[in-house]
Number of protein chains: 2
Amino acid sequence: MRQERHEPQAGRINFFFEPKSVALIGVPRRTGRASFNILETLVNCGYPGELYPVNPNADSILGLKAYPKIESLPHGIELALIMVPRDMVLNAIDSCAKMGIKAATIVSDGFAEAGSEGRALQEQVVNRARAGGIRLVGPNSLGSINNFQPFSSSFLPPSPIKAPIAMVSQSGGFFEGFFDFVASKGIDLGNMCDVDFADILEYLEVDPDTRLIFLHIEGLNQGRRFLKVAKRVSQKKPILVLKTGRTAPAARAIASHSGSLAGQDKLYDVAFQYAGIIRVENSDELGDVAKALLYLPPLKGNRVGIITPTGGCAIMAVDALDKEGLEPAQLSPKTIDALKNYFPIWAPPRNPVDMLAAGMSHGYKNIYKACLEALLDDPQMDAIICIAGWPTIKTIQDISAGKSKPVVVWMQGRWTGESLSWIEKLDYKTAYPTPERAARALSVLRRYGNRKDKYE
Amino acid sequence: MRQERHEPQAGRINFFFEPKSVALIGVPRRTGRASFNILETLVNCGYPGELYPVNPNADSILGLKAYPKIESLPHGIELALIMVPRDMVLNAIDSCAKMGIKAATIVSDGFAEAGSEGRALQEQVVNRARAGGIRLVGPNSLGSINNFQPFSSSFLPPSPIKAPIAMVSQSGGFFEGFFDFVASKGIDLGNMCDVDFADILEYLEVDPDTRLIFLHIEGLNQGRRFLKVAKRVSQKKPILVLKTGRTAPAARAIASHSGSLAGQDKLYDVAFQYAGIIRVENSDELGDVAKALLYLPPLKGNRVGIITPTGGCAIMAVDALDKEGLEPAQLSPKTIDALKNYFPIWAPPRNPVDMLAAGMSHGYKNIYKACLEALLDDPQMDAIICIAGWPTIKTIQDISAGKSKPVVVWMQGRWTGESLSWIEKLDYKTAYPTPERAARALSVLRRYGNRKDKYE
């Protein structure tokens, strides 16, 4: 769509994530509940930098001095958030350039996503920003969020969660996260008229807060540069991608969302594979795989042990392993020796290890502990799936912490507010709601296990 | 494996779910935390019938008179729970017969699941029970649970949840449920030496507490009778099945769990289809589909409206619909008229309805409400997917209650203890964690929609 730029631009991308000073151009006076006031979010979250609201109709907003126009601002503010109606954006860019602002997020919409008139306007904005030496995120973007600073130009406050996960998206909606996956640093590229995936990847490549990168892609424009950068970065940090707009009706919807061309889905498969990017099929898998890659040690083989209080669930786990190319391990003689005294003579320990009867006689937690310790020590075992209700997770967490084999939990039963709060309090990361998803996570860990050694 | 029985036996199956009197044969004296004492569960849960503990070494347990042997019990107790070691089971059955007990659950294990010796013992037990006129559940069974009475012979207390869902399982592990699916009436058939799926289906067919039946099947023995009964019952109440042991290693594991033969997976597909049973692929889908069938009106067409605060998420929903054979609807002129004044001129309302900008100007909840009401009234719309954070669910619940079109929510963002507790308090049933799962639920509702008219 436009010419490839070759100069490395990572330098100024940090202004979008950790600006020392921010001008809020066109910030509304209205504050309080449901006002979606970015200034209020920044004030309330404890953003440590300087804030410069610009609004011609106010002397102060939220106790901060308000500036009547961009030209009244001090020189050299790092980031401008532009929220004025689309017809005023062009002038705002010119004024920013004049005042030495080098990075701007255009929150305003009505550009390439809104038909030919908006598209023409967007092109003018880009040209003017380039002439003025300004890097642009957006338009039609909620900008960025950074729980580490903290900073947020979205309507969401930064969360106290500090996970080493960064998100690069074409939608602000994903700042909310998925099921049990939330990025702690993220950017919404919106219509992506200037700053794009490759620029952000170059920043994240050396960002000490980031160990895993999630991309939400609707469409790419600078394909060649993206693949080159992604291939390099994926050697250092795992990159997961959720490519949306895979079907024809969704591709049409994208045209009026970010204005991107969705492209051919099969081509993306090939490109992602070339670049070493891990493609996830859906939003459940995204969180499942991210947790495994971040919080589990490498998986060095296919042999999996299963500990269970119920034979029926163990069979589901065996089905799930088989579908993912993993297999139930055989217990070594040493493990059988360690456990056999707890088990009835007619049902000696075997894998899956059904510990219920032994647990009823010898204490549930004692036996769960004995089984997990024995399996962690067993050289015929590469990973372990623990089937457990939520009260057992603390035991599993204590025993598996720091061990060199991946342990995942199928947290069996209904997931309630109570059980989820328990996991949150424990900060236990690798519980899965079904055996299929636990097995899938192990399988991705197996495929990318060797690379993980390199990552660390 | 054994001969088909032809006499209808539904009469006595009610003893397993709602017994008026229960003998606990071999109940331990040990009570309190982690003692897994069934008597204690029954006393604590408020079971309203009579309890008769049998233990030769105690005069009383938990304040209840204990009987030294079965022969000391009053005549005609409805249900015996047999927990003695396997070698004592045969004598216990004889004694039960003598005392006029007509139904027994054998909790003890070490039978067909434990090799040839156990299998031979199990055959003797069955023969002796038949001779004595006793219907048997098990062996190797946790028996049943019934939140409506309440009653439980499993180690789990009955829950206060009274959902019209019954479960027939070959494992006690499933009493804990899956993710957000828990049956309020359930039975673990264990080794299924006598009472089997068909018997329970005949009981549930006329059970007023049950509107949907979930089967967990490892293997069937009386195949023909099962199919005949299931075909009849599925006309009245939806039957969902999770067939486990689909893969070779899992089929081997089943032999040492319930002692069943897992059979050929493809044959089960054909059989389930013949009997009108809905096969679910995994445990996520089980809950997703059950909720849709129970709590949503029929889906009369393929056209789906989407309401969203984020374009990016809407595109994921469109992808998901397309994969399930559903399609984004076109808004009718009436709907566009009703909404257009809220929307910018360059982005008139269309489906997916991206309500964020309008919501920011006119009040988030107001606009969400206006959009949902317009789509519910729109004749070009058969169902609606609402993409929403958890605070919006109350609004959606209020507007969609009692309407004739299915409304499902993709509850976007991280599912936390706080958000789950909120849904539990609202008792909102049809929230899904991903667009794929919301679309899948609608798709099953579409396929079985006509039948649902019949169910009600």
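The exercises below, each with a worked solution, concern a predicted model with chains A and B.

Residues are numbered from 1 along each chain as its sequence is written, and chains are lettered from A in the order in which they are written. Local features need pLDDT of at least 70 and side-chain atom pairs count only at pLDDT 80 or more, while totals for chains, interfaces and linings use all residues.

**Exercise 1. Describe the overall make-up of chain A and its domains.**

Step 1. Chain A has 17 helices and 22 strands; helices (H or I, at least four residues) and strands (E, at least two) are DSSP runs, numbered from the N terminus. Its C-alpha trace spans about 85 × 50 × 35 Å along the principal axes.

Step 2. Of the 456 residues of chain A, 56% count as buried. A residue is buried if 20 or more other C-beta atoms lie within 10 Å of its own, exposed if 12 or fewer, and partly exposed in between, with C-beta atoms placed from the backbone.

Step 3. The chain is divided into domain 1 (10-289) and domain 2 (297-455), with bounds from an automatic or database domain assignment. Taken over C-alpha atoms, the domain centres are 40 Å apart.

Step 4. Nine residues of domain 1 of chain A are in contact with eight residues of domain 2 of chain A; contact requires C-beta atoms, placed from the backbone, within 7 Å. Helix α9 (residues 283-295) of chain A gives the most to the domain 1 side, with four residues. By class, that side has three nonpolar, one polar and five charged residues. Ala, Val, Leu, Ile, Met, Phe, Trp, Tyr, Cys and Pro count as nonpolar, Asp, Glu, Lys and Arg as charged, and the others, Gly among them, as polar.

**Exercise 2. Work out how chain B is placed against chain A.**

Step 1. A rotation of 180 degrees with 0.0 Å of shift along its axis superposes chain B on chain A, with an RMSD of 0.1 Å. This is the relation of a two-fold axis. In chain B, the C-alpha nearest the axis belongs to B:Gly417, 2.0 Å from it. The superposition is by least squares on the C-alpha atoms of residues with pLDDT of at least 70 in both copies.

Step 2. At the interface, 67 residues of chain B are in contact with 67 residues of chain A. On the chain B side, α10(B) gives the most, with 10 residues. By class, this side has 27 nonpolar, 27 polar and 13 charged residues.

Step 3. The copies meet through the same surface, because 100% of the interface residues of chain B are also interface residues in chain A.

Step 4. Strand β11 (residues 178-179) of chain A is joined to β21(B) by two bridges, and the strands run parallel. A:Phe179 stands opposite B:Arg414 in β21(B). Two strands pair if DSSP finds at least two bridges between them.

**Exercise 3. Give the strand order of the seven-stranded open sheet of chain B and its edges.**

Step 1. The order is β9-β8-β12-β10-β13-β14-β15 (chain B), with mixed pairing.

Step 2. The edge strands, each pairing on one side only, are β9 (151-152) and β15 (278-279) of chain B.

**Exercise 4. Find which residues of helix α3 (residues 89-98) of chain B are buried, and how they are arranged.**

Step 1. B:Val89, B:Ala92, B:Ile93, B:Ser95 and B:Cys96 are buried.

Step 2. They cover an arc of only 165 degrees around the axis, which puts them on the same side of α3(B); the arc is that of the directions from the helix axis to the C-beta atoms.

Step 3. Their cover includes β1 (21-25), β5 (79-82), β6 (103-106) and α4 (116-132) of chain B.

Note on methods: Contact = placed C-beta atoms within 7 Å.
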